[in-house]
Amino acid sequence: MSAVLQVEHLSASIGGQQVVEDVSFSVPATGVTAVLGRNGVGKTSTIKAILGLVERSGTVLLDGEPIDREPTHRIVQRGVGYVPEDREVFTALTVEENLRLAVRDREPRRELVEALFPDLVRRSAQRAGTLSGGQQQMLSMARALLNRNRLLLVDEPTKGLAPKIVTELATALQEAARTVPVLLVEQNLQVIEQLAQDVVVIDGGRVVHTGPAAELLGDEAAVRRYLGVHAEQPPTARRSDDDAPGAQPPTARAAEEARP
Amino acid sequence: MSITVLLLITGLGLGALYFLVASGLSLIYGLMGVLNFAHGAFLTLGAFIGFEVSRAVGATTWPGFAVAVVLGALAGAAIAALSELLLIRPLYQRHIEQVLVTVGLGLVTVALYEGIWGTDPIFISGPAWLDRTTSVLGANVPNDRFLAIGAAVAVLVGLVLFLKHTRYGLVIRAGVENRAMVTALGIDVRRSFTLVFTIGGAAAGLGGVLASQYFGYVSAHLGGTLLIFAFIVTVIGGLGSLTGAALAAVLVAVPQQFANYYLGIGDLIAVLALALVLLVRPSGLMGAKAA
């Protein structure tokens, strides 16, 4: 299968400190490819390096064309949608203004976004800063889905959210993945299991494993070794930043936090 | 009573001048993180161009004065745009160097203006109405104060409408909050940098023409004098907040006028207000909360 994104020998640094080292992998032209790894191993930095948001070296090809020397806005204009970690919605702007700002296409996919996130339609005049964490995440994802992208980079969309919202977001991502390949950073293994066909595991800033998602998740020893968590681990109760209280599915982050 | 009214309206007029300078400073810092110490140079050039136009076409008439105002604002906009394109943009994300360049530009332009127009203040006059006074509740208020207040209100309303209802305004508002994320939406935020500099320069240039009417003279140091108080206003209002700048301009200038009249310590009042705000609310009256 052809690759929409090829990353070759990508290294990145933040404030002079190397956070990604010689990372190479490719993203197939369809489906969801998940980037996995424990906290602080360089997953988010890898996504940011692809987008040019941090200092980087190496080769990044989008549909065979190099984008590693282009500024971030040009990479995005080429059709790379981005859903950042921590949502990063513009809190002083309304929901509608956030969406309007994100529009690049002549005919944005308003209907798709409204169908996936009807709550946002009802709240279009509301300031984004007053939305709950889950609603902000929906808005962040809606911004990316408005345009017809060639690739979607999605960074920890379910982080800190209540299970109900996680399910809604996973469904939306699944829907989005029908039309655009997705590179997804995620710690929630249930979401990975539901969405991802392939996985890239990063440890210590390097790629330590690539392959089918089902194969990795079916190998308990590998999951424990790479992510420090049992694939069948019972849900861990965690406080979410959303309104609805509830238990979280197993995450590599939860395992990290539980360590002595 | 008449003294109070006079000081109040005169203070509002001074606040209007502060706002015309501070609005640009605040937007530039909010979006780009650049403390622009050359902003006074934009104001001074506007004032000198206004003076030259008034000499050439006769600014004692309203049409002549209008031309002086427009060309003064355009001169401020032009020098600001050039400064951003030639000096600030090559130093993108190198904030210390950007600040140093603006300090250098501020010093060089004063020397340049003195070389061209001399070191002595040049006394000017405008339309006869500006030299007269209007009686308000028994106070004879110089008319140029009303002009400054009207211009500042018009600039504030214009900028708010621009920020609220245009695509560029949306980009600037978003960029003030999170510049990197604006870029990550596929928007070349550098265009907004030039635009914000240009708008700020135009407001400063307009402020220059009006300030020369307010004070009755133009000199190479006019911008520098107002810049100090404009910085105070910008910090008190909250960096990046236009309405904060407007509010702070009034809150600084009016007490400054009263303190000057009754105690002779107007400048000290402005500095004390700055110190108080920094102690109680470091992010300014309407700025984002400090981390």
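Is B:His95 buried, partly exposed or exposed?

Mentor: Happy to. This is a predicted model, where local features need pLDDT of at least 70, side-chain atom pairs count only at pLDDT 80 or more, and totals for chains, interfaces and linings use all residues. Residues are numbered from 1 along each chain as its sequence is written, while chains are lettered from A and ligands numbered from 1 in the order in which they are written.

B:His95 counts as partly exposed because it has 13 C-beta neighbours inside 10 Å. On this scale, with C-beta atoms placed from the backbone, 20 or more other C-beta atoms within 10 Å of a residue's own make it buried, 12 or fewer make it exposed, and partly exposed lies in between. B:His95 sits in helix 4 of chain B, residues 95-117; helices here are DSSP runs of H or I with at least four residues, numbered from the N terminus.

Now for its surroundings. Setting aside neighbours within four places in sequence, B:His95 is in contact with B:Gly33 and B:Val34, contact being C-beta atoms, placed from the backbone, within 7 Å. B:Leu35 lies 60 residues from B:His95 in sequence, yet their C-alpha atoms are 8.6 Å apart in space.

Chain B also touches chain A, with 14 residues from chain B and 19 residues from chain A taking part. On the chain B side, helix 7 (167-177) and helix 8 (179-183) each supply at least two residues, and helix 7 of chain B gives the largest share, 5 residues.

Terms used
Two residues are in contact if their C-beta atoms, placed from the backbone, lie within 7 Å.
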